[in-house]
Amino acid sequence: QVQLVESGGGLVQAGGSLRLSCAASGPTFSRYAMGWFRQAPGKEREFVATIGWSAAYTDYADSVKGRFTISRDNAKNTVYLQMNSLKPEDKAVYYCAAEATFSWGPVLRTSSEYDYWGQGTQVTVSS
């Protein structure tokens, strides 16, 4: 069983930056692909970014490409989401997720592929 705890959310002005962190429990973090998803009020959860277990693979939603960067530190069991040039439409609850079956590629854009989820952290961007 893996527990994921997100942090780093908050209120920021448009154009500002935030860095989200997701700390994972357990000794096998380095085996998991990790993803970030978000859900805005009244909308479905959507893919934001993913990073493979080796960190050689990353993928981003078109809406955040060039502004957000996903990274991981396996020594700290932590995955990060650096968010720059934030826009009001980035406002959402952000969730991190872990995928434990060595999936690879575009399938990691699918929330159902992930096995474990954090509780979420709120990001609010004021205009």
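At 36% relative accessibility, W53 counts as partly exposed, a class that lies between buried (under 20% relative accessible area) and exposed (over 50%), as judged with a 1.4 Å probe on protein chains only. F102, at 49% relative accessibility, is likewise partly exposed. The structure is a predicted model, in which local features need pLDDT of at least 70 and side-chain atom pairs count only at pLDDT 80 or more, whereas totals for chains, interfaces and linings use all residues. Residues are numbered from 1 along each chain as its sequence is written, and side-chain values use heavy atoms, with hydrogens and water left out.

Seven aromatic pairs were counted, a pair being two rings of Phe, Tyr or Trp (its six-membered ring) with centres within 6.5 Å, called stacked if the planes are under 30 degrees apart, edge-to-face if over 60 and tilted otherwise. Among them, Y32 and Y116 form a tilted pair, 6.3 Å centre to centre with 50° between the planes, and both residues are buried. W53 and F102 form an edge-to-face pair, with 6.0 Å between centres and 85° between planes. Ring pairs also link F37, F47, Y114 and W117 into a cluster.

The model contains one disulfide, defined as a pair of cysteine sulfur atoms within 2.5 Å; this disulfide joins C22 to C96, with an S to S distance of 1.9 Å. C22 lies in strand β3 and C96 in strand β9, so the pair ties together parts that are 74 residues apart in sequence, strands being DSSP runs (E, at least two residues) numbered from the N terminus. Both C22 and C96 are buried.

Conventions
Helix = DSSP H or I, 4+ residues; strand = E, 2+ residues; numbered from the N terminus.
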